[in-house]
Amino acid sequence: MSVAFHGAEFCWMNGDIIETGKALVSAMEPIHLGIFEGIKAYVENDVQSRGRLNILRWKPHVERLRRSAAVCGMRIPYTDEELLEATRKTIKANGFDTNVYIQPRIWPKAGAPQEVHTVIPAWTFETLLGKDNPQFSKNRRLMISSWRRIASDALPPQAKSWANYGNSALALREAQRLSYDGAIFLDNRGFVSEGTGACIMAVRNGKVITPPVTASILESVTRETLLKVISEDLGIPVEVRDIARVELYASDEVFLCGTGGEITPVTSIDDLTLGKEYPGPVTKRIAEHYADILARKVEKHREWLTPV
Ligand code: PMP
């Protein structure tokens, strides 16, 4: 009998499409050494409808997967083209015709640490984006976590390894215990770092500011995409620099950004309400443009979309 995993019947594992319920490994696998990627494929024309799918920013995601593997001493035995084909096969095997989240996972084999397991599960998701999507404008109360983001010289947050998410899980559990919707980390120096699964951007005096890679953040594909389009397409100045906690409280707008959460507006931090309007006008403008890019409506950014 097959076990459905987030509704996805099939995944790709070590070269073949198999039933997700049969993608089994020994309980003795060194799971703490695993790395992964989070990638999305969006429907063309309208991010909330059904139809032709395009993978968003495939190349930087695969590059980061290889960097994460290298940091953890693993080598991926497939070319970029083979991984892309594997991803396409997974999406097609499941018959998906709406937005898909793809999560390639790689970890060393038990007893043969030079070899790795490569698994590509995928499942559908509901986007926050799109005109008048009520999920976008939901209130989100965040807190500054009492847990600091892991430092690069302990467990590098720049690599996307499962081990890093233990740190995120502690912060999230604390936030849930205290009835917040999520948490923001400070780094080990006390500057703003990132969310538990997303980067952070703030709007202050008409400028978008975001912490640098050295503030213990994941090298986010969405952050890189947004830094480019916010300044070049929308003409809004951006600044990559250390941000003090108090600057967040005094921001006009704050939003999280990442593949999973897309662009997620934040209502308050530590119960201090941000700005005058929620979601803020700059956040809305950025989210609308981002949704158009994903839906393949922005011609100059069509190269960021790889057809399934
Ligand atoms: N930081 C963390 C801790 C994350 O888990 C994510 C999601 N992958 C991000 C930032 C955003 O990265 P990306 O834009 O590449 O999804």
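The radius of gyration of the protein is 19 Å, which agrees with the value near 19 Å that a compact globule of 308 residues would have. The model is predicted. Its C-alpha atoms fill a box of roughly 55 × 45 × 35 Å along the principal axes, and the chain forms 6 helices and 20 strands.

**Overall fold and packing**

- Of the 308 residues in the protein, 53% are buried.

**Surface and charge**

- The protein exposes about 14000 Å², and carbon and sulfur atoms supply 52% of that area.
- The protein carries 38 positive and 38 negative charges.

**Helix α2**

- Helix α2 covers residues 80-93. Its 14 residues should span 20 Å at 1.5 Å a residue, and because the end C-alpha atoms are 20 Å apart, the helix agrees with that expectation.
- The buried residues of α2 are Leu83, Leu84, Ala86, Thr87, Arg88, Thr90 and Ile91.
- An α-helix has 3.6 residues a turn, so residues three or four places apart point the same way.
- Just after α2, Gly95 adopts a positive phi of about 70°.

**Leu24, a loop residue**

- Leu24 is placed in the loop between β2 (16-19) and β3 (35-36).
- The relative accessibility of Leu24 is 64%, so this leucine counts as exposed; the cut-off for exposed is over 50%.
- Leu24 and Gln114 are 90 residues apart along the chain, and their C-alpha atoms are separated by 20 Å.

**His289, a helix residue**

- His289 belongs to helix α6, which comprises residues 281-294.
- With a relative accessible area of 15%, His289 is buried, because buried means under 20%.
- Leaving aside residues up to four places away in sequence, His289 touches Val229, Asp233, Leu234 and Val298.

**Two residues side by side**

- Leu24 lies in a loop and is exposed, whereas His289 lies in a helix and is buried.

Definitions and conventions: Residues are numbered from 1 along each chain as its sequence is written. This is a predicted model: local features need pLDDT of at least 70, side-chain atom pairs count only at pLDDT 80 or more; totals for chains, interfaces and linings use all residues. Side-chain values use heavy atoms; hydrogens and water are left out. Helices (H or I, at least four residues) and strands (E, at least two) are DSSP runs, numbered from the N terminus. The radius of gyration is taken over C-alpha atoms; the globule rule is 2.2 Å times the number of residues to the power 0.38. Buried means under 20% relative accessible area, exposed over 50%, partly exposed in between (1.4 Å probe, protein chains only). Accessible areas come from the Shrake-Rupley method with a 1.4 Å probe; for residues, only the protein chains shown count as cover. Lys and Arg count as positive and Asp and Glu as negative; His and the chain ends are not counted. The place of a charge is taken as NZ of Lys, CZ of Arg, CG of Asp or CD of Glu. The expected span of a helix is 1.5 Å times one less than its number of residues. Contact means heavy atoms within 4.5 Å.
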